Each structure stands twice: as C-alpha cells, then as structure tokens.
Amino acid sequence: MELKSKIAFCEGKNFWETKEFPQYGIPSMFMCDGPHGLRKQEGVNKDYLGVNDSRPATCFPAAVSTACSWDVELVGKIGSAIAEEAADQGVGIFLGPGVNIKRNPLCGRNFEYFSEDPYLAGKLAASFIKNAQKNGIGTSLKHFACNNQEFKRLSSDSILDERTLREIYLTPFEIAVREGKPKTVMCAYNKINGVYCSDNKELLTNILRGEWGFEGLVVTDWGAMHDRIASFKAGCDLNMPGGSNYMEQKVLDAVARGELDEADIDRSVQRVKKMVLEAQQVLKNKTCCDYDAHHELARIVAEQSAVLLKNVDNILPLKKEQKIAFVGDMAKDMRYQGAGSSHINPTRLVHPADVLGSSVSVEQADVAVVFAGLPSEYESEGFDRENMKMPQEQVKLIEETAAKNPNTVVVLFCGAPVETPWADKVKGILYMGLPGQAGGEAVRNLLYGVANPSGKLAETWPIQYSDCPSATYYPQWDAQYREGIYVGYRYYDKADVRVRWKFGFGLSYTDFAYSNPQLDGEMVRVTVTNTGNCPGAEVVQLYVAPPQDGIHRPVRELKRFTKVHLEPGESKEVSFSLDERCFSVWDNGWKVPSGSYTILAGGNPDKLIVAGAVEKSGEVVKIPDWQPGSWYENPKGSPSLEQWETMLGRKYVPYTSQKGKFTMNDTVTDMKRHSLVMRIMYLVVKRIISKGTKPDTAEYRMLLETSAGSPLRSLQISSGIKEKFFKGILAMANGEFIQGIRILLKK
Ligand code: GLC
C-alpha cells in the first residue's frame with residue numbers, strides 16, 4: 001500500500017463506513033451509534049445528531065436509567081442485545097457506551113452517561129462492553145476524555161489537576177478498558193490542559209495503551225480531528241467521518257520532511273485493517289435477532305432501573321379496585337429517550353396511557369397519578385441546560401392536583417435531576433429516567449406492584465442548582481474543573497450540604513435488614529434479609545471512609561456494590577474483596593496513605609453499617625503546601641479562581657480568539673462579532689437549518705450549535721465542503737478580503 005493510500009485508509013469512506021481496498025482484500029465496515037440502541041442510517045441524509053431517519057431498532061432505557069439498576073449483568077444484556085441488532089443490520093462497531101462523569105447536572109448529555117461516581121460508571125460500562133463483544137461485534141468507549149459539557153464541546157479546553165483527572169475522570173475509562181477490553185475508544189472533541197484529545201499522545205498512547213494495556217483502535221468523535229500529523233504520532237488511528245481527505249497533503253509533506261515517521265501511519269493502518277477484517281468475519285455469519293425479546297428486555301430493564309423516591313402511607317403500589325386519575329401529557333407522550341446522536345427509531349413504543357386503565361376525574365379519584373418531566377427541548381446533545389427547573393406548567397399541574405387530592409403520585413421522566421419544590425406536597429414519587437420504548441409497560445407494572453422498584457440513584461439530586469459547587473462557573477468555553485475531586489456526593493457529603501435525594505438512595509415495596517457485618521483482612525461480608533412481604537431486589541453498596549488527617553480526601557467513596565434478589569424472609573450473605581485501589585489516592589502514581597479506613601455497607605446512604613476498619617501503614621503521601629485552610633480541606637460553596645489556581649499550581653490563561661488571528665479552530669458564531677462575512681455565513685447556516693426544523697426545538701439548537709458553533713476544521717471534515725472554502729472565508733474574517741477571494745478562486 002503506497003503512503004497516500006495508507007493515509008486515505010485511516011479516514012472513513014463516508015459518514016459511517018471505513019474505506020475498502022479490494023485489491024488488498026479489505027472490505028469497508030459500517031459503524032453507527034449508539035449507547036442504548038442502534039441508529040443505522042442508510043438513506044442519503046446522514047447525520048451525527050439523530051435528526052434524519054434511521055432503521056428501526058430497539059430503544060433501550062438510556063444510561064441515566066440503566067445506571068440506577070446498579071445491575072452489571074442486566075446492563076451487560078443490553079450490550080449483548082444491541083450487538084445482536086448490529087450484526088443483524090450489518091454493523092461492525094456500534095458507538096457506545098458513554099462513560100463521561102456527570103460533573104454538573106446541567107450537562108445536556110448527562111442522560112447518555114451513567115454516573116457521578118467513576119467506579120459505578122466503569123463497572124457498568126465494562127459489563128456492557130464485555131457482553132456486547134462476546135460474539136465479535138465491537139463497541140466504542142466514549143468520549144475519551146473530560147467531555148463533561150456540551151457548550152463549545154468541539155473546542156473547549158478541560159483544565160484540571162492531575163489528581164482530579166486520574167481519580168475522577170479517567171477511572172471509568174480505565175475500569176472499562178481493563179475489564180471490558182473495547183475494540184475501539186472514541187477520542188473526545190475537547191482539549192485537556194491545552195492539547196486536543198485527537199493529538200494527545202499522553203492520553204491515547206502513554207495512558208490508554210501504555211498503562212491500561214488497550215490493544216484496539218482509537219477513532220475520533222465525528223469531526224474531532226485536530227492535527228492529523230500530531231494525531232498519527234499520538235495514536236489516533238481513524239478520522240471520522242470520511243470524505244474530506246483532511247490534511248492529507250500536509251501528512252505526505254511531513255513524512256517527506258522527516259517530521260512524521262511512516263511507521264506511525266503503518267501502526268494505524270494495521271489497527272484499522274484488524275478491526276475491519278474481524279468485523280467481516282463476524283458479519284459473514286448471519287445471525288437471527290429477536291426484536292420482540294429485545295422489547296421485553298427493554299421493559300425489564302426499565303422496571304429494574306426505576307427509583308422509588310417517595311412512598312408515604314404506602315400509597316404505592318396501587319390496588320386494582322382503586323379509582324385512579326391519570327394526569328399530564330406524558331401519560332400519552334412520555335419522554336423515553338434523549339435528543340442527539342443516540343436518538344433511536346424504536347421498533348415499538350408503549351406509552352403509559354396505552355396500557356393503563358381509563359382515568360377518572362381527578363375529584364373522584366382515590367389516587368391521582370401525574371406524569372411529568374423534562375420535554376426534549378430541555379436537554380440534548382449539543383447544548384447544556386440553563387437551570388434545573390421543570391416547565392412551570394408542569395410544576396403547576398402537580399401542585400394543583402395535589403391540592404385537589406392529597407393522594408397524589410408523580411411519575412417523573414427526565415434525563416437529569418430537576419428541582420422538585422412540589423416533592424413535599426405529594427405522597428409518592430417514581431423516577432423513570434428515560435425508560436426506552438417499553439417504558440409505558442414498565443410504569444404500569446411498577447405502579448401496580450407487578451414489578452417492585454429496586455433502583456438506586458446514580459447521581460445526587462441537589463435541592464436547588466445553586467447548591468452545586470460548580471454552579472457559579474459552569475459551563476465556560478474553557479472548562480475550569482475548580483471543584484477538583486469534589487464531584488457529586490464527594491462534595492455534598494464533605495461539605496455537609498443537604499440534598500433532595502442522595503447518590504445510592506432508592507426505596508422498595510419491601511424492606512431489607514443488614515446484619516452480621518464481618519471484616520477479615522480485606523474480605524468484607526454482610527447478611528441482607530428481606531423483612532417485608534413481597535419479593536424484591538436490594539443494591540448492597542460498600543463505601544470506604546478514608547482518614548481525614550492527611551491529604552484532603554472525600555469522607556467516603558463507593559468501592560464495591562452488588563444487587564441481590566430476595567424472597568420475603570430470605571437472607572443472603574454477600575461478600576466483597578477489597579484491593580489496594582480501594583484505599584489509594586493519585587499522587588504521581590497510585591499510593592495508599594497510612595491511616596485507618598472505615599468500611600461501610602448498606603442499601604441506603606443514610607443507613608450504612610460499619611463492617612470494621614482496615615489499618616494501612618501505606619506510604620507517606622505529603623500534604624500539599626497549599627492545602628491547610630484551603631477550600632479543598634473544607635469545601636463549601638464554589639471555590640474561587642485564585643484558590644483553584646493555587647491548587648492547580650499555575651495561573652489560568654483564558655483562550656481568546658481575535659480578529660486577524662482567527663484560525664480553523666474558531667467558529668462562525670465567535671467570528672461573526674468581528675466579521676461581516678461570518679455574519680452572512682451565520683445567517684446562511686440559520687436559514688438552512690430552519691428549512692428543516694422549527695427554531696424553538698432541541699433539534700434546531702443542536703444543529704446550530706454543532707454547525708455555526710463548530711470550528712471551521714470540523715465543518716470541513718463533516719460537511720464535505722472543500723478546504724479552500726473555509727480557508728477563504730477565514731482569510732476574509734481576518735481582514736484579508738482580497739487574499740480570501742484569491743483562495744476561493746484558486747483551482
Ligand atoms: C456525535 C457524538 C458521538 C457520536 C458521533 C457519531 O457528535 O458526540 O457520541 O457517536 O458523533 O454520531
């Protein structure tokens with residue numbers, strides 16, 4: 001294969017396929033989304049935003065829901081089912097799971113991610129990957145790494161200290177890579193401490209491959225390629241989507257000048273070839289796929305993922321003989337998935353009203369059930385929420401219903417926490433997350449006790465957004481990870497801030513008791529008993545409470561969990577084996593500070609029992625000079641820029657784009673303030689978008705953010721428009737109008 005072909009082979013053929021080289025016996029391979037169902041587009045209109053059609057596939061509950069199941073086996077079954085549908089539809093790699101940490105509740109894409117806790121996210125992702133790949137179909141672990149906001153995601157710089165990067169943001173990827181062994185990892189759009197992920201050798205080679213033993217291929221997020229020369233050196237193997245021949249000549253020139261070793265390109269060629277040939281082997285053997293069975297699986301997962309947040313007077317489960325009022329638009333039109341690249345065209349769709357009996361008026365009802373949540377335009381890929389509020393009319397409906405009927409229950413559909421000022425006015429709250437296409441059947445079964453809720457929250461629900469430590473500085477173009485490791489419950493517990501519902505919280509129609517905790521060396525045992533009168537499942541969580549007299553640390557961290565199903569009266573002993581990582585901090589490597597570590601276990605964060613304490617002689621981990629008296633020693637509220645710079649050890653220098661120095665990393669949206677040409681471009685883009693979507697929809701915002709809000713280089717890669725067009729308008733935006741015309745007219 002000559003050099004030019006090698007470079008071409010490391011870029012897709014089109015939006016979803018890799019290039020074929022029949023002369024070398026290499027076929028093309030189809031890749032497509034997504035994390036909770038297949039989104040295969042075969043028509044002319046292909047997009048990475050879920051706007052255009054795709055083939056019907058099972059829409060499973062989104063990760064925001066499945067994470068609440070805390071059931072690695074169940075999440076593994078979803079991975080396996082999606083892989084069956086991928087094989088059935090001729091797809092070699094499907095693009096999921098997403099394991100980015102839920103750093104702030106406003107991130108528009110949190111519905112696609114598992115948790116605020118790295119261990120829970122990593123273990124669920126590892127099982128999803130392992131099971132999805134057991135018959136050879138591949139996955140793509142994403143978005144690697146520190147992609148924790150949608151605002152300016154294609155050019156944002158995630159700025160954070162090494163300890164936070166390692167302990168919080170890389171750990172879910174590390175667990176998923178070491179235990180799941182994904183065939184591919186998708187590098188994120190953003191920079192990390194100034195270096196784009198696609199160019200980041202420390203990230204993609206030294207850590208991912210050198211430390212974690214990853215042997216697969218790194219694919220860019222769609223349009224995430226920054227510098228193809230740097231990316232070949234960094235170990236970023238495949239540029240997607242294809243069609244632009246992005247920087248092909250520059251790569252050829254760099255090899256010719258000896259600035260890029262052809263061996264780096266050969267290495268990527270081998271990885272692409274290996275991935276494609278393995279897929280060809282798998283896809284050759286047609287397998288059957290039972291879409292009806294997958295619909296049933298989607299229902300079971302939705303049932304097992306639902307979280308019972310409130311159940312005063314045991315108002316739930318409902319009884320058949322009761323007169324029930326079903327209220328709210330989401331009874332007939334539930335929110336069951338998120339907007340963006342993960343959006344599925346479901347094989348079937350069952351809303352609650354489709355399977356619940358007829359409703360009575362609210363006044364006659366024994367119980368009123370309100371179906372409410374976040375409409376799709378409130379949370380989506382491509383943009384972040386402005387606040388944590390629900391639509392005012394929904395809050396009003398809940399409060400009016402509760403005023404008329406004290407026996408009111410709320411069924412909540414949303415992909416992220418919302419403020420719930422009405423929570424004290426109702427007797428029952430059932431959180432469904434985004435329950436997928438079978439959500440209506442799951443809701444019916446849960447409301448009537450056919451299924452017993454067993455979910456636990458995988459993220460904290462603050463009472464109000466201002467309680468969140470990053471509330472005063474999220475999001476910004478450069479993402480300032482000022483709160484460090486104090487994300488989610490790690491912050492709320494340490495700062496002793498009251499929250500609406502805690503990470504790990506969830507009720508059941510039965511009760512569980514814990515007894516006989518034992519700690520033997522680093523083996524922990526505890527007995528769980530179902531003391532109620534109906535079968536149920538309990539999530540046993542194990543936390544390690546580290547010493548608080550040395551380097552600053554959270555007051556407790558999740559280190560193990562398991563889910564047990566128990567008949568009434570049944571007991572089971574669960575056991576956990578701890579390892580060094582359960583006690584470690586990152587301090588230029590994983591180290592165990594000496595001290596006493598308390599081991600806590602239980603199914604409810606407010607009722608954990610002590611299993612014992614592990615004494616660690618460990619290593620001396622120096623307390624940072626800046627720690628005494630700092631925000632990090634006693635976090636409360638938002639850390640200041642100065643406190644963060646002290647912890648970071650350097651001044652934060654904001655990125656500024658200015659006329660005359662605009663580059664292909666700048667966006668039409670940013671340049672239009674300084675340039676008539678870019679203002680015209682912006683209007684043209686808006687006009688094109690509004691031809692297909694209404695301005696007040698999630699789709700419109702997403703399309704605008706990911707076009708006018710994309711760096712020109714990403715538009716070049718994803719649009720198929722020639723490079724000279726972008727170079728031409730860039731010259732004009734920099735005030736070199738004649739030069740711009742010359743570039744546009746150049747043959
Ligand atoms: C999108 C998403 C990524 C998706 C890809 C292809 O921009 O960030 O998750 O897999 O492009 O649709």
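The second largest pocket holds about 650 Å³ of space. A pocket here is an open set of points on a 1 Å grid over the protein atoms alone, where a 1.4 Å probe fits, with protein on both sides within 12 Å along at least five of seven lines; lining residues have an atom within 4 Å of a point. Points are joined across faces, edges and corners, and the volume is the space filled by probe spheres set on them.

This is a predicted model: local features need pLDDT of at least 70, side-chain atom pairs count only at pLDDT 80 or more, and totals for chains, interfaces and linings use all residues. Residues are numbered from 1 along each chain as its sequence is written, and side-chain values use heavy atoms, without hydrogens and water.

Which residues lie nearest the centre of the second largest pocket? They are Asp 333, Arg 335, Pro 375, Ser 376 and Glu 377, out of 29 lining residues. Helix H12 (392-404) and helix H18 (698-705) each give two or more residues to that lining; helices are DSSP runs of H or I, at least four residues, numbered from the N terminus. Domain 2 (300-459) and domain 4 (668-745) each supply at least three, with bounds from an automatic or database domain assignment.

Now the largest pocket, at about 860 Å³. Of its 31 lining residues, those closest to the centre include Ile 688 and Leu 703. H17 contributes the most, six residues. The pocket lies between domain 1 (3-283) and domain 4 (668-745), because both give residues to its lining.
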